[in-house]
Amino acid sequence: MKISVEVNGLRRAFDVEPGDYLVDTLRGAGLFSVRRGCDSTSCGICTVLVDGRPVPSCSYLSIRADGRSILTVEGIASEAAKIADRFGAEGADQCGYCNPSVALAVYALKRTKPKASDDEIREWLVGNLCRCSGYQSQLAAIRSYLEERP
Amino acid sequence: MRIETLLRPASLEDAYKAYANDKTAVLFAGGAWNKLALKEVKTAILLDDLGLGTIEAGEKTVEIGAMATLSDVAEHPAVQSLYRGMLSRACRHVMGITLENVATIGGSVMGGYAFSDIVTPLLAMDVTLRFHKHEPMKLADYLVRKTNFRDIFVAVSVPRRSGRGVFRKIARTRLDFAILNLAVTNVNGLYAIAVGARPGIARLAASAMDRLNEINPVSLYDIEHAAADAAAELDFGTNSRAAEDYRRALAKIHVFRALKEVTFDENQR
């Protein structure tokens, strides 16, 4: 089946099987920042933004993306660099496997709730697991990023 | 997942015909748990293009379309105004924003998931399910009858009552399925008590509600008895997350606290 999707600002055509998931379609297109984690909607590692909203690409049928706009971390390079700086400064960065998904979730948070409280930050990121750096330092980094002027 | 044929109907009637005429067809109304439940699908019917994602606030009801995501529901002002935002909070307690952006009300109700954190508050809110062909049906009746007709679930109709509500999810972490969940409402002295993830799907504690609803005004003593009655009348079970006795003990204390909150808590007034 043919689908037409805007990926990181560029309109692209994909030929997908009905049961293909977005994580596979995007990785097949060379977007390797989209990573596979639990593969069951639980860990948030595969997060991408569909029409600005974070979704788990491991459980999102590619066909559903037809006509929609998708952002991966490659599409928010300058903002991702700012987020990475904050994470580095707060020691919130270790193995890096979850970084693209967290960066996208934080990017979406800034556009949805720019003045999010600590509780709202925790609430927003509850589905994005990190198994090495610890969440307290991430919280400090995200707060710092949100306070930064655009 | 392997899908042999995928249909993307443009109208409700087309979707209904495709579903009614093919016993192997599976409706896709979101995407949260399809992957875990299904490996091979002969015919999948995507409901994305049917316009079922709207939420409309009427004078007497709020109509939540079956394809409205849990995020849509959580953020909608009309839903937030119902029962002190009980349903909005429940939608935000599922498993994080990514899942809440793909899980839908329709999938939550029709999926029949015993662990559902959404069915429980809907049950306590006395909602009605609307279908394309069949007559509307109370959620409470639907769950008891285990109706399995091949129809398209269109919307859930939530009565706009001025009431208080409390939802609780008891789980080890936010990402775990509930050990128990419950929703309690109080509309001018008429109470509803729903308990889910027992581990069976949500049920109303009908006898406890009836006894409590005969008392006016209720005291702390009445509430304590109602909570004990609810824990006694509902069936609980054991699975890998919790034992039957533990669930029953949790239900007793949490129903008590919820009843207390919807009766006496000044913040709920």
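View 1. With a relative accessibility of 2%, B:Thr185 counts as buried, where buried means under 20% relative accessible area, exposed means over 50% and partly exposed lies in between (1.4 Å probe, protein chains only). The model shown here and in the other views is predicted, so that local features need pLDDT of at least 70 and side-chain atom pairs count only at pLDDT 80 or more, whereas totals for chains, interfaces and linings use all residues. Residues are numbered from 1 along each chain as its sequence is written, chains are lettered from A in the order in which they are written, and side-chain values use heavy atoms, with hydrogens and water left out. B:Thr185 belongs to strand 10 (residues 180–187) of chain B; helices (H or I, at least four residues) and strands (E, at least two) are DSSP runs, numbered from the N terminus. Its side chain reaches the backbone oxygen of B:Ala124 at 3.1 Å. Apart from neighbours within four places in sequence, the residues in contact with B:Thr185 (heavy atoms within 4.5 Å) are B:Tyr83, B:Met86, B:Ala124, B:Arg164, B:Gly165, B:Leu190, B:Tyr191 and B:Ala192.

**View 2. B:Arg130 and B:Phe131 in strand 6 of chain B****.** B:Arg130 is partly exposed, at 31% relative accessibility, whereas B:Phe131 is buried, with a relative accessible area of 8%. Although B:Arg130 and B:Glu63 are 67 residues apart in sequence, their C-alpha atoms are 9.4 Å apart in space. Not counting residues up to four places away in sequence, B:Arg130 touches B:Glu63, B:Pro136, B:Ile152, B:Phe153, B:Val154, B:Ala155 and B:Ser157.

**View 3. Aromatic pairs in chain B****.** Rings of Phe, Tyr and Trp (its six-membered ring) pair if their centres lie within 6.5 Å, and planes under 30 degrees apart count as stacked, over 60 as edge-to-face and the rest as tilted. By this rule there are four aromatic pairs over all chains. One of them joins B:Tyr113 and B:Phe115, which are stacked at 5.3 Å centre to centre with 15° between the planes. B:Tyr113 is partly exposed, at 22% relative accessibility. Another pair, B:Phe131 and B:Tyr142, is tilted, with 6.2 Å centre to centre and 35° between the planes. This pair links distant parts of the chain, eleven residues apart, with B:Phe131 in strand 6 (residues 128–131) and B:Tyr142 in helix 9 (residues 139–145) of chain B. B:Tyr142 is buried, with a relative accessible area of 12%. B:Tyr113, B:Phe115 and B:Phe177 form one aromatic cluster.

**View 4. The interface of chain B and chain A****.** The contact takes 28 residues from chain B and 25 residues from chain A. The area buried between the two chains is about 2,400 Å², of which carbon and sulfur atoms give 56%; buried area is the accessible area (1.4 Å probe) that two parts lose on being put together, summed over both. In chain B, the residues that lose the most area to chain A are B:Lys35, B:Ile97 and B:Thr98, together 25% of what that side buries.

**View 5. A salt bridge between A:Arg53 and B:Glu75****.** The side chains of these residues meet at 3.1 Å, N to O, within the rule that a salt bridge is a side-chain nitrogen of Lys or Arg within 4 Å of a carboxyl oxygen of Asp or Glu. Across the interface of chain B and chain A, the rule finds four salt bridges. The elements that give two or more residues to the side of chain B that touches chain A are strand 1 (2–7), helix 2 (34–37), helix 3 (70–75) and helix 6 (97–100) of chain B.

How values were computed: Polar contact = N/O pair within 3.5 Å; in protein donor to acceptor, adjacent residues only side chain to side chain.
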